[in-house]
Amino acid sequence: MTEDTALYVYALLPDRPDAADGVTGIDGRPLRLVRVPGTSVAALVHDAAPAPLEGGDDQVRRWVEEQSRAVDTVWERTGSVLPMTFNVLVAAEPSPEPSPEDGTPAGTAAGPSAGRSAEQRLTEWVTEQAADIGGQLEGLAGRCELRVDITVDRTAATAGGTGGAAEGAPEGGPDGLSPGMRRLMEKQREHRARATAGQLADTLHAETRQRLLAVAEDYRDRGPTHRVAGETDVLCAALLVRREDIDAVGAVLTDLRARQPAVRVRFLGPWPPYSFIDTAHRARAEEMAP
């Protein structure tokens, strides 16, 4: 069995002694905190073999969900967290080997860093970056991420207009039309529906974005979480909000739907603020992988 000489890192978080108590992660592994003396930061980890996790799509999806649940749990306990991406490992450095030429240890140029354990490497890095990491954690304390997808249903947007099924058909209805004419009419109806929904979406975008920014601290455009046939995008965004302002965001969206029956809203969260984190800490951690 491969020795656990690496650390699988889930997140950086404020140092709270009980933050990881009873929390399990990927494959039910018990999690623990690596506390960093002289700082207010800790790392949420499990002990791991020095090799990345590999599996099929379903298995990886399950691992990602388990990692997210663990991060959510400690976020709820501490109020702030800097999550890592999937499969971030910090490995121990290999012990120096004797040089065959002169008997001196290979890699002596690396100095005292050679042979450090994974925990030593992680704590040294956090110590070096403590001011930046601590500043991010403080700035995100009490904040969460909400995802908002707003679309216009094309059928609903054109309801009440003149685009009925028999529009443009001779008297007696469409049954007497040739298949080619029916296809042409259907394309015309679809074109009109797209144009009508597009005009409404353009009108709503600026107004809704401005209203959301009035209650959110930050706003990031994102791709849609999923696409639905027959709908036109208005906006897809991640919002950084204070927890006490979640209801205010909901009120903006409720008012929008009341005024515009053709609007469809998907409102997700609250989550840790994944979209609003300086990812430099992730890149640096990935450099310490095996």
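How far apart are the end C-alpha atoms of H1, and what span should its 22 residues have?

**Entry 1: ground rules.** I am working on a predicted model, where local features need pLDDT of at least 70, side-chain atom pairs count only at pLDDT 80 or more, and totals for chains, interfaces and linings use all residues. Numbering runs from 1 along each chain as its sequence is written, and side-chain values use heavy atoms, with hydrogens and water left out.

**Entry 2: overall.** I found 7 helices and 9 strands. These are DSSP runs numbered from the N terminus: helices are H or I of at least four residues, strands are E of at least two. Of the 290 residues, 39% are buried (under 20% relative accessible area; exposed is over 50%, partly exposed in between; 1.4 Å probe, protein chains only).

**Entry 3: helix H1.** I checked its length. The end C-alpha atoms are 32 Å apart, which agrees with the 32 Å that 22 residues should span at 1.5 Å a residue. The expected span is 1.5 Å times one less than the number of residues. I then listed the buried residues of H1: Trp-63, Glu-66, Gln-67, Ala-70, Val-71, Val-74, Trp-75 and Thr-78. They pack against E1, E3, strand E4 (82–83), E6 and strand E9 (263–271). Contact here means heavy atoms within 4.5 Å. Just after H1, Gly-79 has a positive phi of about 85°.

**Entry 4: the core.** I looked up the largest nonpolar core, which holds 46 residues; Tyr-10 and Leu-239 touch the most other members. Such a core joins buried Ala, Val, Leu, Ile, Met, Phe, Trp, Tyr and Cys through side-chain atoms within 4.5 Å. Elements that each supply at least two residues include strand E1 (6–14), H1 and helix H5 (179–213). Another core, of 23 residues, lies apart from it, with Leu-12 and Trp-125 among them. Beyond its neighbours within four places in sequence, Tyr-10 has contacts including Gln-67, Ala-70 and Val-71.

**Entry 5: second largest pocket.** I noted about 160 Å³ of space. A pocket is an open set of points on a 1 Å grid over the protein atoms alone, where a 1.4 Å probe fits, with protein on both sides within 12 Å along at least five of seven lines; lining residues have an atom within 4 Å of a point. The volume is the space filled by probe spheres set on the points, which are joined across faces, edges and corners. Of 10 lining residues, Gln-67, Met-84, Thr-85, Phe-86 and Tyr-274 lie nearest the centre. H1 (residues 57–78) gives the largest share of the lining, 4 residues.
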